[in-house]
Amino acid sequence: MRLGTDIRLLLALLCRPAALTGCPRPAEAVLPLYEEVFLAQKPDPPSPTRGGNWTLDRVLSDDVDDEVAPAPPPLSNPAEDWKALLRGSRSQSVGKASKGRLKQGLQMPRRGDGFVRKNDKAAWGTEETVALLTWAAAEMTRRYPGTVPVVMGDLSSEEGGRLRPHLSHQSGRDADVGYYFLGNPKLSHFRTATREDLDVEKTWTFLELLISTGQVQYLFVDHRFHKLLFKQAVAMGWTDEEARSLFEAPIGKAKRSGIIRHIPGHKHHVHVRFRCPEGDEDCR
């Protein structure tokens with residue numbers, strides 16, 4: 001993206017009403033199919049095809065670092081609030097998400113303001129990962145009083161490395177997060193979402209909060225939700241151009257760029273991959 005476009009996008013984000021008001025409510029490469037079965041609360045039948053133009057190497061590596069999307073500008077100053085939750089730990093993300101480890105990782109609490117965590121064996125991340133997720137979940141309860149806690153799934157194991165059934169989640173920068181649903185049902189595990197029961201506004205707001213920090217590398221979301229989320233972004237103040245820069249393919253052929261991408265196996269959760277923390281020189 002050219003410098004002039006970057007400046008115009010930044011000004012648009014800072015000046016539109018949604019950014020100034022805090023967006024209030026109005027008034028991995030391809031993962032193996034067995035991961036979907038393992039993680040789902042009510043798994044769907046495995047898909048006979050993987051779709052897209054992903055090669056076998058991408059299927060096995062769960063690594064798309066060769067196509068890193070540029071960091072978008074922050075939405076507003078309040079997105080810096082997540083830094084207040086940093087605990088000064090010496091966590092370190094080492095290597096790649098699909099071939100790495102975690103040093104002195106921080107354990108995410110079992111529950112907190114706006115979230116509940118479901119897996120004790122994969123509860124560790126960098127302090128940045130834990131702070132970002134904790135902040136976004138808490139901000140959701142502020143913007144949507146009475147909303148139920150979002151379900152946090154796997155992060156990384158205590159020392160990182162291979163975490164079955166994942167091929168990523170190895171260096172403390174990955175996290176699986178459940179969707180928000182219409183009707184505000186209280187859940188303790190992931191549930192498969194559909195176009196009919198996905199709370200598109202809440203789900204987009206949560207993703208927008210994470211994007212606003214400039215710390216997100218990828219958001220892996222099933223393609224069936226892309227157009228819904230795209231339209232919601234525009235409805236909440238993003239221009240068509242701004243929104244298209246975030247999505248891999250809201251409409252038409254996949255361009256294999258942007259932060260929000262389709263990956264099979266993400267009908268019941270969003271896979272968040274954060275950028276390498278500042279100062280982690282061995283992070284890839």
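Phe-225 counts as buried, since its relative accessibility is 0%, where buried means under 20% relative accessible area, exposed over 50% and partly exposed in between, with a 1.4 Å probe and protein chains only. Please keep in mind that this is a predicted model, in which local features need pLDDT of at least 70 and side-chain atom pairs count only at pLDDT 80 or more, while totals for chains, interfaces and linings use all residues. Residues are numbered from 1 along each chain as its sequence is written, and side-chain values use heavy atoms, with hydrogens and water left out.

Let me turn to the aromatic rings. The structure holds six aromatic pairs, and rings of Phe, Tyr and Trp (its six-membered ring) pair if their centres lie within 6.5 Å, with planes under 30 degrees apart counting as stacked, over 60 as edge-to-face and the rest as tilted. For Tyr-179 and Phe-225 the ring centres are 5.3 Å apart and the planes stand at 70 degrees, so this pair is edge-to-face. Tyr-179, at 6% relative accessibility, also counts as buried.

The rings of Tyr-180 and Phe-206 have their centres 6.0 Å apart and their planes at 55 degrees, so that pair is tilted, and both Tyr-180 and Phe-206 are buried. One aromatic cluster is formed by Trp-204, Phe-230, Trp-238 and Phe-247.

Finally, there are charges over rings, which requires NZ of Lys or CZ of Arg within 6 Å of the ring centre and within 35 degrees of the ring normal. Lys-118 lies over the face of Phe-190, at 4.8 Å from the ring centre, and Arg-191 lies over the face of Phe-181, at 4.1 Å from the ring centre.
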